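Good morning, and thank you for joining this group meeting. I ask that you keep the sequence and the structure in view while I speak.

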Amino acid sequence: MEGYNQDNTADSGELARDWAGLISECLRNILSRLSLEDRWLGAMLVCKAWLQECKDPTLNSVLDLETNFDSVTELPRFWTPEFESRIDNVIISVVGWSNGSLSEIRVRHCSDRSLSLVARRCPNIQVLSIKSCPHVSDIIMSEIASGCPKLKELDISYCYQISHESLKTIGSHCPNLQILRRNIMNWLDSSPHVGIVPNEYLNAYPRDGNLEAAAIGNSMPHLLQLELQFSKLMGVGLDLICEGCLDLEYIDLSGCRSVSRRAIENAKSKLKKLEIKKPNIYITRSVLRWERHDY
């Protein structure tokens, strides 16, 4: 009888461990079906066990806050240091939990503070979207280029501290880059952003469109899609892109008023497969000559 009890106890212990593992696996499966918001604001707060499961690397290979930003109206508080710090903290947490498995980041309003950790600990990143980040610099983008060579998609729209130098560095270190978004806010009519985006930032939009175009054309030969909304590039810049990016299939030139109809037709003649979203804003030659002199 005594031996029976010992064997029974041993079997019960093994069974309990098996059930514990199964429960953990089932819980992760359930958590994987929740949105990021539901995990952070719901599941993580239930108990310590659920919190630990939410930190599993398999649940932290993708960080996508873009859908959350898209679902709400842009607010002035998004541009405050406090909000930026919160986004940085989210990124830092997910990077730590991912254990190097993070492959996709889509956020806004982060800074060098969090991206420096991404550069050091996320070598498998393939998608990096960091729109509207006024405190992301060329220095950190250089670290990203060196630490994340598998990048295939990059969105640095509305990041005005990032210059053409970063484009050159990214292009030379990330040979698999296929999608680049480098859009600028509408500087022709900034009224939708007034009162939300700081005025000094609205006025700091990049004016070196041709230099950025040269960096793209010289260092990103495998680019397939390119967005340059409201860029200051001119026809010569578009030529440089077409000469260097022979695989290019789509380019968005919305609001690029310094690109003429003739430049667009020349681009189409060079790249037969190229689809161009036209500026729909054109200026007279006299104004264009003045802009060239000013540039």
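His-164, Leu-167, Lys-168, Gly-171 and Ser-172 of helix 8 meet Leu-211, Glu-212, Ala-215, Ile-216 and Ser-219 of helix 10, where contact means heavy atoms within 4.5 Å. By class, the residues of this contact are 4 nonpolar, 4 polar and 2 charged. Here Ala, Val, Leu, Ile, Met, Phe, Trp, Tyr, Cys and Pro count as nonpolar, Asp, Glu, Lys and Arg as charged, and the others, Gly among them, as polar.

The model is a predicted one, in which local features need pLDDT of at least 70 and side-chain atom pairs count only at pLDDT 80 or more, while totals for chains, interfaces and linings use all residues. Residues are numbered from 1 along each chain as its sequence is written, and side-chain values use heavy atoms, with hydrogens and water left out.

How is such a pair of helices described? Two packed helices are described by the angle between their axes and the distance between the axes. For helix 8 (residues 164-173) and helix 10, the axes come within 8 Å and cross at roughly 5°. Helix 8 is therefore roughly parallel to helix 10. Axes are lines fitted to C-alpha atoms, for helices over the stretch in contact, and angles run from 0 to 180 degrees between N-to-C directions. Angles under 35 degrees count as roughly parallel, over 145 as roughly antiparallel, 65 to 115 as roughly perpendicular and the rest as oblique.

Helix 10 also packs with helix 11, at an angle of about 5° and with the axes 8 Å apart. This makes helix 10 roughly parallel to helix 11. Asn-210, Ala-213, Ala-214, Ile-216 and Gly-217 of helix 10 make the contact with Val-236, Gly-237, Leu-240, Ile-241 and Gly-244 of helix 11. The classes here are 6 nonpolar, 4 polar and no charged residues.

Which residues of helix 11 are buried? In helix 11 (residues 235-244), they are Gly-235, Gly-237, Leu-238, Ile-241, Cys-242 and Gly-244. Buried means under 20% relative accessible area, exposed over 50%, and partly exposed in between, with a 1.4 Å probe and protein chains only. Their cover includes helix 10 (209-219), strand 6 (225-227), strand 7 (250-252) and helix 12 (261-270).

For the chain as a whole, there are 13 helices and 8 strands; helices (H or I, at least four residues) and strands (E, at least two) are DSSP runs, numbered from the N terminus. Of the 295 residues in the chain, 47% are buried.

The largest pocket has a volume of about 560 Å³. Its lining has 18 residues, and Leu-65, Asn-68, Phe-83, Arg-86 and Ile-87 lie nearest its centre. Helix 5 gives the most to this lining, with 6 residues. The lining divides into 11 nonpolar, 4 polar and 3 charged residues.

On a 1 Å grid over the protein atoms alone, a pocket is an open set of points with protein on both sides within 12 Å along at least five of seven lines, a cavity is a set of points where a 1.4 Å probe fits but cannot get out, and lining residues have an atom within 4 Å of a point. Grid points are joined across faces, edges and corners, and a volume is the space filled by probe spheres set on the points.

How many cavities of 30 Å³ or more are counted? The count is 2. The largest cavity holds about 40 Å³ of space, and its lining has 6 nonpolar, 3 polar and no charged residues.
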